[in-house]
Amino acid sequence: MKLIIMGAPGSGKGTQATLICKKHKLAHISTGDLLRKNIADGTELGKQAKAFMDAGKLVPDDLVIALLKARIEQPDCKDGFLLDGFPRTEAQADALGKIVSVDKALNLETDLDKLADRMASRRACPKCGYTTSVQAAPDGKCKECGETLTIRDDDKREVVENRLKVYNANTAPLVEYYKAAGVLVSIDGMQAIDAVNADIEAALK
Ligand code: AMP
């Protein structure tokens, strides 16, 4: 299976991607996680990407496409993968289409007005990448590894608004792109995590 999960920032695509990949044994490819890893490791790519990410802007297509291509060539992607946060522009979707054919593009539909609050309450583990909310982890510790949870730099209120604008301008049109390709599946992303997941599983059958 070669899947894409799409949705606005804060729509829960990372959470659903983790559940899908565990169940179907797919490689979980999050370009956001790959970029954050490059920043943490102090690579040249990380240095170039950081300013864009901190401002809530998209990292330039050529950098992200090269990163994605290299990741898809890894052996763990041979039996299938799920792309989380890629493609985000039409140029990225075109580049992807030249490398693989996508079986399904899962689109989490959300109420954009409510997403800023969701992102403000998001907490992430700087060590293992586990993502949760301040409500679900009142002790501020990662459930997976015990590390102290932090707020992602780009989840700060002033950046969130820009990320939503960027999503509307660049990424939302990809819903039509994959609809035209006949692979789009739309899911109500405002439901509880389990209900969203059940709808996704039904669509993958
Ligand atoms: P995410 O973790 O998917 O929300 O991504 C966090 C940030 O990483 C985004 O706001 C962008 O700055 C950058 N990023 C992640 N994936 C992409 C992509 N496919 N194209 C451009 N920028 C990206």
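## Around the ligand

An oxygen atom of the ligand is 3.0 Å from an N or O atom in the side chain of R163. Taken alone, the ligand exposes 480 Å², and the protein buries 96% of that; these accessible areas come from the Shrake-Rupley method with a 1.4 Å probe, and for residues only the protein chains shown count as cover. Before we go on, please keep in mind that this is a predicted model, in which local features need pLDDT of at least 70 and side-chain atom pairs count only at pLDDT 80 or more, while totals for chains, interfaces and linings use all residues. Residues are numbered from 1 along each chain as its sequence is written, and side-chain values use heavy atoms, with hydrogens and water left out.

## Who makes up the shell

The ligand has 16 residues around it, and T31, R36, K57, R88 and Q92 come nearest; a residue is near a molecule or strand if one of its heavy atoms lies within 4 Å of it. By class, the shell holds 6 nonpolar, 4 polar and 6 charged residues. Here Ala, Val, Leu, Ile, Met, Phe, Trp, Tyr, Cys and Pro count as nonpolar, Asp, Glu, Lys and Arg as charged, and the others, Gly among them, as polar.

Which helix gives the largest share of the shell? That is helix α2 (residues 31–40), with 4 residues. Helices (H or I, at least four residues) and strands (E, at least two) are DSSP runs, numbered from the N terminus.

R163 sits in helix α7 (residues 157–171). R163 counts as buried because its relative accessibility is 9%; buried means under 20% relative accessible area, exposed over 50%, and partly exposed in between (1.4 Å probe, protein chains only). Leaving aside neighbours within four places in sequence, R163 is in contact (heavy atoms within 4.5 Å) with P9, G56, M119, R122, R152, D154 and D155.

G85 is found in the loop between β3 and α5. At 9% relative accessibility, G85 counts as buried. Not counting residues up to four places away in sequence, G85 touches I5, K13 and T31. K13 and G85 are 72 residues apart in sequence, yet 8.0 Å apart in space, C-alpha to C-alpha.

## The strands

Strand β3 (residues 81–84) points F81 and L83 one way and L82 and D84 the other way, and all are buried. Strand β1 (residues 2–7) runs parallel to β3, joined by 4 bridges; K2 has F81 as its bridge partner in β3. Strand β2 (residues 27–30) also pairs with β3 in the parallel sense, over 4 bridges, and there I29 has L83 as its partner. Two strands pair if DSSP finds at least two bridges between them.

In β7, I187 is the bridge partner of L108.

A polar atom of the Q16 side chain lies 3.1 Å from the backbone oxygen of I193. Beyond neighbours within four places in sequence, Q16 is in contact with I5, L108, I193, V196, N197 and I200.

## Backbone details worth a look

Most residues other than glycine have a negative phi, and most peptide bonds are trans. The peptide bond from F86 to P87 is cis, with omega near 0 degrees, and P87 is found in the loop between β3 and α5 (90–99).

K25 has a positive phi, near 55 degrees, and is a residue other than glycine. K25 lies in the loop between α1 (13–24) and β2. At 69% relative accessibility, K25 counts as exposed.

Note on methods:
Polar contact = N/O pair within 3.5 Å; in protein donor to acceptor, adjacent residues only side chain to side chain.
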